[in-house]
Amino acid sequence: QRGDKNKENTQASVVIGTLLGTSDGKMIDISNCFPMTLMNQAKERDNDNSDELELAFDTDYVKKMIKFHKSVNDKESFLGCYISTTTLDKQSMAIVQYFMDLLSSKTVVSPLISPIVLMFDPELHNNKLDIKVSFNSKRFLQTRFFIGDEHPFSFFVKNANTKWDAI
């Protein structure tokens, strides 16, 4: 087995990406997305030889990809993120916080005041694709803790020979 000790455990255990689309104030249309690299890196601490890891995000990549997508479709904006998990553990919370910080620092522009978080189970437990769609309530700003509200949703699939059908 080949492996460099410095490269071990650099990949995070989830897949993440950025959601793009439009919002008219009543309806949110997620029409596009792009994946992101999420890396683990050793935390630098004074007087601590801990092997604790922290997540590393490539913000320049996010800005470049949003700019690229805007050049193709100028109506699309940043809406949020997707994460390949259905549980809000410490890592998921850090990912959500990163996307919230992108909005609050105005690093990205969005029609939304907080990012949409789309979580899904890639392992299809019980032969079912478990999907959760959440966004942060206003209470987050007061408590600084993630309080997500799950919302019902419908997927619309278009077949070239039929009209839009909700599934």
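## Fold and nonpolar cores of a predicted model

The protein averages a pLDDT of 76, and 66% of the residues score at least 70; pLDDT is the predictor's confidence in each residue, from 0 to 100. This is a predicted model, in which local features need pLDDT of at least 70, side-chain atom pairs count only at pLDDT 80 or more, and totals for chains, interfaces and linings use all residues. Residues are numbered from 1 along each chain as its sequence is written, and side-chain values use heavy atoms, with hydrogens and water left out.

A contact means heavy atoms within 4.5 Å. Of the contacts in the protein with a separation of 6 or more, 54% are between residues 24 or more positions apart.

The protein has 3 helices and 10 strands, in the order β-β-β-β-α-β-α-β-β-α-β-β-β along the sequence. Helices (H or I, at least four residues) and strands (E, at least two) are DSSP runs, numbered from the N terminus.

Buried residues make up 33% of the 167 residues; buried means under 20% relative accessible area, exposed over 50%, and partly exposed in between (1.4 Å probe, protein chains only). The largest nonpolar core has 23 residues, and Val-62, Ile-83, Ile-95 and Phe-99 have the most contacts inside it. Such a core is a set of buried Ala, Val, Leu, Ile, Met, Phe, Trp, Tyr and Cys residues joined through side-chain atoms within 4.5 Å. Two or more residues of this core come from each of β1 (16–23), β2 (28–36), α1 (59–72), β5 (77–83), α2 (90–104) and β6 (116–120). The most, 7 residues, come from α2. Not counting residues up to four places away in sequence, Ile-83 touches, among others, Ile-16, Ile-95, Val-117 and Met-119. A second, separate core of 8 residues includes Leu-19, Ile-116, Phe-120 and Val-133.

Strand β6 is largely enclosed by the rest of the structure, because 5 of its 5 residues are buried. Ile-116, Leu-118 and Phe-120 lie on one side of β6, with Val-117 and Met-119 on the other. β5 pairs with β6 in the parallel sense over 4 bridges, where pairing requires at least two bridges found by DSSP. Cys-81 stands opposite Val-117 in β6. Together, β5, α2 and β6 make a right-handed β-α-β unit: with the strands pointing away from the viewer, the path from the first strand over the helix to the second runs clockwise.
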